Amino acid sequence: MNRQFVSMFPRRTGQLVLCGLILVGPLLAKPEPGTAFVVSTEGSGRATAYLESPKIITYEGKTHVAWLDSPEEGFRVRVRSLDHETGNWSETWTIGEATDNHGGPAMTIDAEGFLHVLYYSHHHPFRYRRSVRPNDASEWTPFEEFGVNLTYPALVCASDGTLIMVARRSYDDKPWELELWRKPSGEPWQRQGTILRSRHGIYAQFAASLAWGPDHQSIHLGTRIYEMPVEDPARALTTVGYLVSPDGGTTWYRTDGSRVELPATAETIDTIATGRGRENRILHTGSIGVNAEGRPFLPYGVRIQESSQAYLASPMETGGWHNLHFNPFLPPSFREWDLFMHGGIAFGASGQPTLVGTIMQVPLDDHEWGHPTTELVCFRSTNGGATWESEGLHDPDPESPRWMPNIERPTGFNQIPANPSFIYTDGVRGDTLEDQLSNKVIWQTKMR
């Protein structure tokens with residue numbers, strides 16, 4: 001069993017390219033390399049969050065982009081579509097409302113081209129809709145509700161058309177969990193069980209992203225488990241970890257081939273890094289990506305009081321994880337900035353990955369989430385990862401962040417371009433979950 005499982009992570013070959021991008025310059029409608037498009041000017045304080053929830057689908061000549069607006073009438077989940085042949089964007093269509101700025105969409109697509117979306121909830125049931133016509137985001141079926149106290153959906157479509165979703169489940173009287181749900185084609189949503197469980201009973205977040213392996217059977221799960229101990233709630237525990245399921249989410253394993261008893265915890269998952277708030281060490285992660293050889297890559301960052309250091313983790317043939325340190329490759333003008341991984345990685349049709357990360361200047365003991373100095377950053381390698389090139393925003397805006405990048409990745413039957421695009425929020429986080437803001441939501445392609 002171990003030899004068969006470990007073969008999912010063969011020796012790395014070929015050239016490795018990682019890039020996340022920064023936008024400066026004109027906004028054009030046609031998706032030429034290096035261009036971008038403002039899909040909305042009514043973005044909420046979490047317009048493109050959260051990293052768990054995929055929001056871009058490319059299929060048969062169209063790219064569909066979903067996000068969360070906050071117009072005067074309340075929070076609205078919206079979508080626009082790009083026609084690749086004409087370079088024109090559609091009008092903006094509203095999918096439905098959200099309870100607050102945490103209720104943004106997660107989207108995928110099945111083999112017939114129908115779009116599927118989850119949205120609305122922050123400790124509520126989810127709402128689910130399907131597009132009425134294939135590859136057409138202009139009309140949707142009536143919504144269906146399911147679940148209890150769910151937040152942060154990660155959504156994928158299996159090879160047989162079954163929708164698979166993981167999301168956080170909150171409780172009043174016991175530790176919070178990461179639940180898995182399925183929706184076989186033509187059937188209602190069904191709860192399958194719990195994958196992860198917090199060890200503590202106050203609050204937890206899992207930041208659990210999913211990605212298919214090249215066989216469209218193996219699901220790779222990357223997570224950042226954030227826990228608040230009852231005896232010391234101000235000092236959070238954070239764990240970056242990984243699990244893989246070779247059978248579409250039924251059973252889960254570590255990279256050494258050992259099966260994990262469910263629900264797993266921060267102590268039983270494949271642990272990559274840990275942090276303790278009382279040591280002023282907090283971890284963050286981006287969404288997971290898997291290359292054509294079936295090897296997972298999980299970006300993450302380590303925040304201490306003085307700085308934030310970022311890494312890209314991948315399993316080694318000899319066991320354990322290789323953690324590639326990215327801060328030394330920042331452009332000279334940004335070398336002293338803090339590097340976070342509030343973004344993600346995806347492998348395009350070219351076989352090369354795109355990685356989006358964020359840089360910022362966080363004062364001592366200040367909070368980094370939505371810090372106004374936040375900008376996007378790009379890393380590239382032309383020699384298989386031996387050396388790296390990076391790009392940064394040449395004219396940072398210290399008053400407003402560019403942040404929460406959300407990159408297209410293989411969630412179902414979407415056709416990932418050679419250079420996956422991403423969307424991000426250009427604007428402030430707001431002071432409360434209900435703030436109605438007018439942030440820009442920007443769709444971006446590769447710069448060069």
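**View 1. A salt-bridge network joins Glu42, Asp69, Glu73 and Arg78.** A salt bridge here is a side-chain nitrogen of Lys or Arg within 4 Å of a carboxyl oxygen of Asp or Glu, and that rule gives 16 of them. Keep in mind that this is a predicted model, where local features need pLDDT of at least 70 and side-chain atom pairs count only at pLDDT 80 or more, while totals for chains, interfaces and linings use all residues. Numbering runs from 1 along each chain as its sequence is written, and side-chain values use heavy atoms, leaving out hydrogens and water.

**View 2. Glutamate 177 pairs with arginine 197.** Their closest N and O atoms sit 2.8 Å apart. Glutamate 177 belongs to strand E13 (residues 177-183) and arginine 197 to strand E14 (residues 190-197), so the pair ties together parts 20 residues apart in sequence; strands (E, at least two residues) are DSSP runs, numbered from the N terminus. Glutamate 177 is buried at 2% relative accessible area, whereas arginine 197, at 33%, is partly exposed (buried is under 20%, exposed over 50%, partly exposed in between, with a 1.4 Å probe and protein chains only).

**View 3. Arginine 191 meets glutamate 179 in another salt bridge.** Here the closest N and O atoms are 2.9 Å apart. Arginine 191 is in strand E14 and glutamate 179 in strand E13, 12 residues apart. Glutamate 179 is buried, at 1% relative accessibility, but arginine 191 is partly exposed, at 39%.

**View 4. Glutamate 139 bridges to arginine 133.** The closest N and O atoms lie 2.9 Å apart. Glutamate 139 is partly exposed at 38% relative accessible area, and arginine 133 is partly exposed at 33%.

Note on methods. Helices (H or I, at least four residues) and strands (E, at least two) are DSSP runs, numbered from the N terminus.
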